[in-house]
Amino acid sequence: MWYLCVFYHRLLDYRKPEFESLADLFGAFGDKRSSDFNTQDKVLQWRLPKHHHPDSPFHFVHLSSEDVARNIANRSILVKGIYELWGEGNDFEELEEAVKSYPDERKLPYLESESTFKVTVDSFGKVLSLQEQNERIQGLSYIPFKGRVNLKNPDHNFWLMETDENETNNGLPPVVKRRIFFGREIGGADRKLIPLYQLKTRNYLGPTAMDAEMAFLMANQAQAAPGKLVYDPFVGTGSILVSAAHFGAMTMGADINIRVVRDGRGPDCNVWSNFKQYGLPMPIGLLRADNNLPPWRPGLKEVFDAIICDPPYGVRAGGRKSGGRKLLKGIVGPYTVPDDKRADHIPSTAAYTLVECVHDLLDLAARMLVMGGRLVFFYPVLREDGSVETHFPEHLCFKLVATSEQMLSSRYSRVLLTMVKTSLYTEELALAARIKHLEFRENHLKWLENGNLHSLVFSPADAESGDSKP
């Protein structure tokens with residue numbers, strides 16, 4: 001059945017990937033227990049209303065059932081609501097004709113005298129006064145509502161939504177003609193979720209803490225849910241795992257910085273206190289571990305249902321790996337920390353380039369994710385002279401199912417990559433992945449090889465061009 005989906009008008013590139021990930025989670029494409037992890041046919045049917053721009057918040061989507069639609073709407077971060085459309089038109093006369101022609105067997109069960117209802121008037125691209133809203137509600141007198149009005153907790157919510165002609169460049173997608181929609185709400189987003197988890201009220205924060213809205217989007221892309229184990233190899237202050245735990249997943253994290261995962265800022269201000277603040281289940285473990293030298297025993301495979309992370313790519317924080325410069329250069333040999341100094345020992349580290357980091361992350365995910373598990377991570381994109389680098393990392397165990405770009409400046413953006421594990425990890429695949437990684441390393445941009453994205457993002461444009469000011 002076709003439903004009207006209304007998105008919030010933000011993070012436009014993330015809207016459909018999040019929706020389709022949730023549709024897969026809630027069974028829109030069939031039995032999730034199937035051993036077939038082919039993602040070729042897992043694509044929803046979408047279409048736009050008449051005269052609407054692709055960036056419009058209004059989209060029609062075909063879903064298998066009302067339960068699937070409700071589950072998606074109630075969980076999504078970017079879906080404002082999903083509606084059973086009773087009618088649409090360019091004016092109120094055309095809307096009335098469409099609503100009247102909608103089958104009575106679909107309308108009458110929600111208009112009975114025993115039920116309560118509420119009508120909400122909403123608009124996009126303009127503001128309606130309270131008087132205008134009341135006039136529009138009174139204009140719906142042709143709909144035979146028999147129940148009582150209940151504004152706080154109605155049995156059924158009805159929405160009258162309209163757009164106006166808008167061809168000016170005011171930051172909104174252009175609308176050639178006015179369009180009015182009327183329908184029954186199937187489900188809607190929890191508007192209290194993001195304010196509840198916003199970073200400014202978070203107990204323990206670091207410089208790279210993930211924004212709450214983005215963390216929940218990543219958790220949705222990874223299909224975090226009860227019974228699943230989610231891992232973040234760059235856990236930091238735990239922002240991503242907090243969102244996964246909110247959706248009921250078991251969580252586990254690691255970070256090379258032992259001060260972050262062990263100490264924080266004291267016994268009441270650390271990663272654990274962030275989970276306690278929201279009444280969430282504690283992580284099953286937080287490790288001091290190096291992504292370059294993973295701590296897992298040989299032969300251990302297929303442990304995690306999802307890996308979600310924001311790798312250090314050198315803008316706000318650079319990556320680090322174990323070893324120290326002298327050790328890696330062979331100036332000094334490996335050493336053993338005396339027993340009496342181990343409690344307070346901070347291991348030495350060296351620079352960890354993005355090329356190494358991405359290769360190690362993909363190898364970790366290929367080995368440790370279950371079949372059908374998801375790897376969700378951010379990847380930086382640098383724009384040079386208006387061009388965009390789109391050579392994303394690949395691995396033979398994974399299929400890339402979604403990319404969502406977020407512009408952070410005129411020269412730099414980050415892309416959220418969502419990959420699904422479709423092949424078992426073998427030593428042959430690991431070798432082939434290593435060869436592909438070397439090709440990726442040789443063919444990629446120089447800034448990626450050096451891991452020096454920070455200087456390119458923040459250096460003055462005239463300095464790069466060779467111009468100098470007097």
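A salt bridge is taken here as a side-chain nitrogen of Lys or Arg within 4 Å of a carboxyl oxygen of Asp or Glu. The structure is a predicted model, in which local features need pLDDT of at least 70, side-chain atom pairs count only at pLDDT 80 or more, and totals for chains, interfaces and linings use all residues. Residues are numbered from 1 along each chain as its sequence is written, and side-chain values use heavy atoms, with hydrogens and water left out.

By this rule there are 19 salt bridges. One of them joins Lys107 to Asp104, with 3.7 Å from N to O. Both residues belong to helix α4 (residues 104-107), where a spacing of three residues puts them about one helical turn apart; helices are DSSP runs of H or I with at least four residues, strands are runs of E with at least two, and both are numbered from the N terminus. Lys107 is buried, at 8% relative accessible area, whereas Asp104 is partly exposed, at 42% (buried, under 20%; exposed, over 50%; partly exposed, in between; 1.4 Å probe, protein chains only).

Other salt bridges connect separate parts of the chain. Lys126 and Glu162 pair at 2.8 Å, N to O. Lys126 lies in the loop between β5 (116-124) and α5 (130-138), and Glu162, 36 residues away, in strand β7 (residues 156-163). Lys126 is partly exposed, at 23% relative accessibility, while Glu162 is buried, at 0%.

The closest N and O atoms of Glu356 and Lys321 are 2.7 Å apart.
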